[in-house]
Amino acid sequence: YFLLFGAGKSTLATRLIMAGRHMTGDAVVLLRDGVACAFPRKFLLKPDSLALFPGTSRLESLAEVPVHHQLVRIDPCDFGQPWRIAPAPVAAIIQLEPNYGGRSRLLPRGKLATARGLIRHSRAPASERAGWVGDLCATVDRAACFVLEVGDLETAAEALKPALP
């Protein structure tokens, strides 16, 4: 598994699905002792992101979305990718940062910077279970850490290849 966090993760994940990459979830992931389990829900995209994906107007999952709705739900099954929700170790963590108008590039990221960024994008469990920050840090410690400066989707998908298991 790999984790994406930051701005544009759903759009990039959808692009990776269209390229045949298996994605197990969007936005909600449970972490415990270096292992992640994605929560099964459709990928949520802003309507203007659909213009980046040719042919998405024909997808069955879009038929149920009102035009005025803020987010569009994308089902990986529409791209021939079945849902496979199962716990697995996290091999790589990639923070997404915008690089509008430029080429995408993948850079190594330190463990501390990755942990800080991931904590800012995380929420404590509703159960108030002690140790969740330790679980997050253990996950970061066991993974390769990167930052992806995202220009356009094509160069972003290409730049990610060396980081993906």
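**Sheet, helices and cores of the predicted model**

Four strands form an open sheet in the order S1-S7-S9-S8, and the pairing within this sheet is mixed. Its edge strands are S1 and S8 (105–108), each of which pairs on one side only. On average, and with direction ignored, neighbouring strands of the sheet are turned by 25 degrees against each other. The structure described here is a predicted model. Its protein chain contains 4 helices and 9 strands, which follow one another along the sequence in the pattern β-α-β-β-β-β-β-β-β-α-α-β-α.

The pairing can be followed across the sheet from S1. Strands S1 and S7 run parallel and are joined by 5 bridges; in this pair, glycine 6 has leucine 96 of S7 as its bridge partner. The pairing of S7 with S9 is also in the parallel sense and extends over 7 bridges. Here glutamate 97 has glutamate 149 of S9 as its bridge partner, and glutamine 95 stands opposite valine 147 in S9. Between S8 and S9 the sense is antiparallel, over 4 bridges. Leucine 107 stands opposite valine 147 in S9. Strands of a sheet pair through backbone hydrogen bonds, in either a parallel or an antiparallel manner.

Burial was examined for two strands of this sheet. In S7, 5 of the 7 residues are buried, so this strand is largely enclosed by the rest of the structure. Strand S9 is mostly covered, with 6 of its 7 residues buried. For the protein chain of 165 residues, the buried proportion is 40%.

Helix H1 lies across S1, S7 and S9 and runs at about 140 degrees to S1. Helix H4 lies across S1, S7, S8 and S9, and its direction is at about 165 degrees to S9. Threonine 155 is located in helix H4. With a relative accessibility of 11%, threonine 155 counts as buried, because residues under 20% relative accessible area are classed in this way. When residues up to four places away in sequence are not counted, threonine 155 touches Arg103 and Ser104.

The largest nonpolar core comprises 24 residues, and those with the most contacts inside it are Phe2, Leu4, Leu12, Met23, Ile94, Leu148 and Leu160. Two or more residues are given to this core by each of the strands S1 (2–6), S4 (43–45), S5 (72–74), S7 (92–98) and S9 (144–150), and likewise by the helices H1 (9–18) and H4 (153–160). The greatest contribution comes from H4, with 5 residues. Apart from this core lies another, of 11 residues, which include Phe5, Ala36, Leu136 and Val140. In soluble globular proteins, nonpolar side chains tend to be buried together.

With residues up to four places away in sequence not counted, isoleucine 94 touches Phe2, Leu3, Leu4, Phe5, Leu106, Phe146, Leu148, Leu160, Ala163 and Leu164. For the protein chain, residues 24 or more positions apart account for 73% of the contacts with a separation of 6 or more.

In helix H2 (residues 111–120), Thr114, Ala115, Gly117 and Leu118 are buried. Viewed down the axis of H2, these buried residues fall within an arc of 165 degrees, so they line one face of the helix. The face of H2 turned away from this buried side carries Leu112, Arg116 and Arg120, which are exposed. Among the elements covering the buried residues of H2 are S1, S7, helix H3 (132–142) and S9.

In H3, the buried residues are Asp135, Leu136, Ala138, Thr139 and Val140. Their cover includes strand S2 (29–32), strand S3 (35–38), S7, H2 and S9.

Notes:
Residues numbered from 1 in each chain as written. Predicted model: local features only at pLDDT ≥ 70, side-chain atom pairs only at ≥ 80, totals over all residues. Heavy atoms only, no water. Core = buried A, V, L, I, M, F, W, Y, C linked by side-chain atoms within 4.5 Å. Buried < 20%, exposed > 50% of the residue type's maximum accessible area, 1.4 Å probe, protein only. Contact = heavy atoms within 4.5 Å. Arc of directions from axis to C-beta. Pairing = 2+ DSSP bridges. Axes fitted to C-alpha atoms, helices over the stretch in contact; angles between N-to-C directions.
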